[in-house]
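Please look through the sequence and the model shown here before reading on. The paragraphs that follow take the parts one at a time.

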Amino acid sequence: MDFGKHLKKLWYLDENITFLNHGSFGATPKTVLEAVAKWQIELEKEPVEFFLNQYFDLIRQLAERLGKILGSDGDSIVFVDNATTGINTVLKSLQSEFNKDDEILFTNHIYPAARNSVNYLCEKTGAIPMEVFTPYRVTDISQITEIIKNSITAKTKLLLIDHIFYTGGIIAPIKEIVEICRKNESYVLVDGAHAPGMIELNLNEIQADWYTGNCHKWMFSPKGCAFLWTRKELQEKTKPLSISLFHNQGYCKEFDWTGTKNPSLWLALNEAIDFINQFGLKNIQDYNHNLLIKGIEIVSDITEIEFKTPVSYFGSITAFEMPINIQIDNETTHKLRDIFYNNHRVEIPFIHFNDQILFRFSSQIYNEPDDYLILAEAVKTFCRDYK
Ligand SMILES: Cc1ncc(COP(=O)(O)O)c(C=O)c1O
C-alpha cells in the first residue's frame, strides 16, 4: 500500500507543520468532515421523521458495524462523546456500591482526567484511591501484570487500567490483567482511549467489565465520537450520565437517547470506517507500527538517547525522555510544545511524568521517515542551545 506524505492532502493538516501528534486529538479526514455536514443536512430535511423513525436504527446499525471491527456484537456497544464520558459513566453507575475503605486501584500512568474522576468518586463515597507504580521503561511486559497481581487485594473494588499508556504508548497485557481482576472479584474498567484503530482489538475476548475507547483518535471519526462496551451481566446497572426518555428501557435505548443532540458526529463514523476500508485497517496498523520503529531508530541515532523498551510493546505512539536538566512541571511541557511549534514547526506533546519530561511522537499514514529526521534535529538543536 502506498502510504506517506502525499496522503496528507486527504486532511486539512497544515503542510508546513511536521505533524507527529495524532495521539492527542486524532485528525479527521476531509471526507469524514464532509459527511458530518451531510448527516446534519439529512437530519434537518425532516427532523421529526429523522429522530422518530430513522435515528435509532442508524445508531444500532453503526454499533453493529463498529462491533465487527472491535470483536463485539453491536448491542454491547453504546456511543458516548469521549473516553472521559465513558469513564465517568461507569464510575457514576457504581457510586452506590462503593463503601468507605473500598479501594480503587490504578497505575501512575493514568490519564489525569481519569485520576480526577476517581478522586471525585472517592470524595463522595469514602473509597480510597490506590496508585500503583509501574516503571516507565519495561523490559518484559509481564512486569506490569506482576505488579497488578501483587497490588490487588480483597479491598480492591475496581481497577481502572489504560490499554495503551498515554505517557509513552506501552500496550498493557490487558487480557491477563482482566483475568486477575475476575479471579479477585474486582471490577475492571479499561480506558482504551488510544486502542481502537491503533491495534487489533477483540472486546469479546478481553471480557473486561467495561471498556471505553475513542473513535476520534485512531479511527479517524469526527471529534466527539467514542464508545462504551459493557459486559452483558452489567448492562442493566450501567446508566448514562443523563437519565432521559427511555430510562430503564434497556442499555442500548437508554444510551442511544440522552436528550436531543447533534448525532452527525457519531454517524460520520460510517464514513470514517469507509476511509479506513479503502486502505485496509491491518495495512494502516502495519505501516504505522513499522514507521514508528523507523522513527525510534532515527530519533535515537540523532539525539543519542537510548531507547530500551522492546519495540513490539508499542503500536503507533512512543516517548523519549528529554536528555537535559529542565524545570519539571506542567507549565514547562506547555512551553516546550509552543517552542517546538513556533521555532521548529514540529507538533509533538511533552508530558510531565515520574519527575521527567517526555516527548512523545506518533506515526500515521500521512507521515514518512523524513518527519522523524526533522523531529530529531529539532530535539538536538533545542537541547544544544538550552541554558
Ligand atoms: C489514556 C487516555 N484516557 C482518556 C483520554 C481522554 O480522552 P477524551 O479527551 O477523548 O475523553 C485520553 C486523551 O488523550 C487518554 O490518552
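Which residue of strand 6 does Leu160 stand opposite? Leu160 faces Leu189 there. This is a predicted model, in which local features need pLDDT of at least 70 and side-chain atom pairs count only at pLDDT 80 or more, while totals for chains, interfaces and linings use all residues. Residues are numbered from 1 along each chain as its sequence is written. Helices (H or I, at least four residues) and strands (E, at least two) are DSSP runs, numbered from the N terminus.

Strands of a sheet pair through backbone hydrogen bonds, either parallel or antiparallel. Two strands count as paired if DSSP finds at least two bridges between them. Contact here has a cut-off: the C-beta atoms of two residues, placed from the backbone, lie within 7 Å.

Helix 5 also has a helix as a partner. The axes of helix 4 and helix 5 come within 10 Å and cross at roughly 15 degrees. Axes are lines fitted to C-alpha atoms, for helices over the stretch in contact, and angles run from 0 to 180 degrees between N-to-C directions. Helix 4 and helix 5 are therefore roughly parallel to each other. Angles under 35 degrees count as roughly parallel, over 145 as roughly antiparallel, 65 to 115 as roughly perpendicular and the rest as oblique. The crossing of these two helices is right-handed; a crossing has that hand if the near helix is turned clockwise from the far one by less than a right angle, and is left-handed if anticlockwise. Thr84, Ile87, Asn88 and Leu91 in helix 4 meet Ala113, Ala114, Ser117 and Leu121 in helix 5. The residues of this contact divide into five nonpolar, three polar and no charged. In this division Ala, Val, Leu, Ile, Met, Phe, Trp, Tyr, Cys and Pro count as nonpolar, Asp, Glu, Lys and Arg as charged, and the others, Gly among them, as polar.

Next comes the ligand. It is surrounded by 13 residues, and the closest are Asn82, Thr84, Tyr111, Tyr166 and Ala193. A residue is near a molecule if its C-beta atom, placed from the backbone, lies within 6 Å of it. Helix 4 (83-94) and helix 5 (112-125) are the elements that give two or more residues to this shell. By class, the shell holds six nonpolar, five polar and two charged residues.

Thr145, Ile148 and Lys149 in helix 6 meet Glu176, Ile177 and Ile180 in helix 7. Helix 2 (residues 30-45) and helix 11 (residues 269-279) have axes that come within 8 Å and cross at roughly 155 degrees. That makes helix 2 roughly antiparallel to helix 11. In this pair, Thr31, Val32 and Ala35 of helix 2 meet Glu271, Ala272 and Phe275 of helix 11.

Another open sheet has three strands in the order 9-12-11, with antiparallel pairing. Strand 9 (317-321) and strand 11 (350-353) are at the edges with a single partner strand each, so one side of each is left without a neighbour in the sheet. Strand 9 pairs with strand 12 (residues 356-362) over five bridges, and Glu321 has Leu358 in strand 12 as its bridge partner. Helix 13 (residues 330-344) packs on this sheet, touching strand 11 and strand 12.
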